[in-house]
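Please open the structure in your viewer and keep the selection panel at hand.

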Amino acid sequence: MKFRDDIYVYEWKNYFDNNCNSYYIGGGVQALIDPGLTRYLPDLLKQMFNDGIKKDDIRYIINTHSHPDHFQGVELFDQEVVKIAMHRKELDFLKGVGGELYGLFGITVPQMQINMPLEDGSIMLGDQKFKVICIPGHSPGSIGLFWPEKKALFSGDVVFLQNVGRTDFPGGNGGLLKKSIVTLSDLDLELLFPGHMGMIDGHEKIADNFNIIIQNIFPNI
Ligand SMILES: [Zn+2]
């Protein structure tokens, strides 16, 4: 559904199965963030279509990380026409242990060329400037995608509403996760769009959320 301006939010609300939240930035950007599992992609595209967005409109797919519940659905896109982005560190991970994770779930790694490998720093997506921030801990090359103009952060599975991403998958690291979350807590944010559970709207609420996590959850990581 349309959230605000050019931002569309597709929250995953079915607690009986796993998939991620997906986000779309329209306007001059036209980027889908985390397509989710392949089996749910048709439903996502239908929801987007109902919001006036066609599959052909999508120019970028930004993958916050390589876990199947975020990334597998890229296999239904045409890599000749869509830029498929992932951090270089996550790409290396996916070629090794990260790829083996797919086998554990009885599925195969999408046979796609990641034709837009990401580094830390500023990138242009269409006519808007974003910042890629590598935030390891949940996976080695997880990214936060920060949109300074909107003070918005797409945080993947690193930070959630009153919770954090798990660190018990291969490539997870609790110490790094904490460092990453502290890094994110320094950003000037008005909108936090996590990979699971609800989004957080408002500077104070986001600051409170980081404080709650640092005080109550960090001691257990
Ligand atoms: Zn994940």
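Which residues coordinate the zinc ion? Select His65, His67, His138 and Asp157: the zinc ion is coordinated by NE2 of His65, ND1 of His67, NE2 of His138 and OD of Asp157, at 2.1 to 2.4 Å, where donors are N, O and S atoms within 2.8 Å of the metal (3.2 Å for Na, K and Ca), and water is not among the atoms, so sites may look incomplete.

Before going further, note that this is a predicted model, in which local features need pLDDT of at least 70 and side-chain atom pairs count only at pLDDT 80 or more, while totals for chains, interfaces and linings use all residues. Residues are numbered from 1 along each chain as its sequence is written, and side-chain values use heavy atoms, with hydrogens and water left out.

Staying at the zinc ion, follow its donors along the chain, where their spacing is H-x1-H-x70-H-x18-D. Histidine 138 lies in the loop between strand S9 (128-134) and strand S10 (143-147), and aspartate 157 in the loop between strand S11 (152-156) and strand S12 (159-160), so the pair ties together parts that are 19 residues apart in sequence. Here helices (H or I, at least four residues) and strands (E, at least two) are DSSP runs, numbered from the N terminus. Both histidine 138 and aspartate 157 are buried, a word that stands for under 20% relative accessible area (1.4 Å probe, protein chains only).

Next, select the sheet, in which seven strands form an open arrangement in the order S1-S2-S3-S4-S5-S6-S7, with mixed pairing; two strands pair if DSSP finds at least two bridges between them. At its edges are strand S1 (2-4) and strand S7 (116-118), each of which pairs on one side only.

Within this sheet, select strand S5 (residues 60-62) and strand S6 (residues 83-87), which pair in the parallel sense over three bridges; isoleucine 62 has alanine 85 in S6 as its bridge partner.

For the last stop, select aspartate 34, which sits in the loop between S4 and H1. Most residues other than glycine have a negative phi. Phi of aspartate 34, however, is a positive value near 60°, and this residue counts as buried at 2% relative accessibility.

How values were computed
Buried means under 20% relative accessible area, exposed over 50%, partly exposed in between (1.4 Å probe, protein chains only).
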